[in-house]
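Hi everyone, thanks for coming. Please have a look at the sequence and the structure, and then I'll walk you through them.

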Amino acid sequence: MNFLLPKSKRGELQPLPHLLLPPPIRAISHLNKLGIPNVHARCSICLTFDDGPDPIYTPKILEVLENHNAKATFFVLGEAVEQFPGLVYEILKAGHGIGNHTYSHSHPWMMSPLRAQQEVSKTNSIIKSVTGITPRWFRPPFGRLRAAMRRQAHLEGMRTVLWSRSVIDWGMLGNKAGIARRLETIEPGDIVLMHDGKREANNPEFTVECLPTFLQSLGEKALAACTLDEVF
Ligand SMILES: [Zn+2]
């Protein structure tokens, strides 16, 4: 596919301007800035879980969400969907949403443009063949915006979604106390980044431990955790 504009008057090819792509969604409140009202006022917060499905932690997170009547969006990896298709059924059966998080979670900047496109399109094909659903949401690994990936996502009808709050459930900061403290700072309108996939330095075991208290507090404040599909 040629992403170059027609030749200009002077004859040189111009790269497709970045502005032709809609900006990534970072928060529910972002909608208002775009002039689009959030018609689903009931939905206060969007929880997102990346890097799964995971045979150990995805079922645990699904159980906690169900116990608190909370919905979330899972940004899945194509290779994990191939490995654990049954978990994707479980996610959807419970009323949660699915997004595309590329096939292999390789760093978006460390590959050719063609491979970057394939990481997106292959994952959509796998999700569609397993679930019959075409995802509406794309999130690049590490939140790194690579034009070739974003263009492919756009062409396949997806919006790129980042986050307004990360609980940082990975690495040295990703301990139980730190995750719990960051969860306390979440406010209405936030899109929250968390992980159900145990890969690289992720600590989903601590996220699972911290979630019940957080979801309990949402309930006490009459806030609802919803899927991206419910909000946008
Ligand atoms: Zn990720």
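Let's begin with confidence: the chain has a mean pLDDT of 89, and 87% of its residues reach 70 or more. pLDDT is the predictor's confidence in each residue, from 0 to 100. Over residues 1–8 the pLDDT is below 50, and beyond near neighbours in sequence this stretch has 16 contacts in the model, where contact means heavy atoms within 4.5 Å. Where pLDDT is low, the predicted coordinates should not be read in detail.

Some housekeeping. This is a predicted model, so local features need pLDDT of at least 70 and side-chain atom pairs count only at pLDDT 80 or more, while totals for chains, interfaces and linings use all residues. Residues are numbered from 1 along each chain as its sequence is written, and side-chain values use heavy atoms, with hydrogens and water left out.

Now, the metal. Which residues coordinate the zinc ion? They are Asp51 (OD), His101 (NE2) and His105 (NE2), at 2.1 Å. Donors here are N, O and S atoms within 2.8 Å of the metal (3.2 Å for Na, K and Ca); water is not among the atoms, so sites may look incomplete. Asp51 and His105 are both buried, meaning under 20% relative accessible area with a 1.4 Å probe, protein chains only.

Finally, the inside. The largest nonpolar core has 33 residues, and Leu47, Phe49, Leu65, Phe74 and Leu215 touch the most other members. Such a core is a set of buried Ala, Val, Leu, Ile, Met, Phe, Trp, Tyr and Cys residues joined through side-chain atoms within 4.5 Å. Leaving aside neighbours within four places in sequence, Leu47 contacts residues including Leu65, Val192 and Leu215. A second, separate core of 13 residues includes Phe75 and Cys226.

Notes. Buried < 20%, exposed > 50% of the residue type's maximum accessible area, 1.4 Å probe, protein only.
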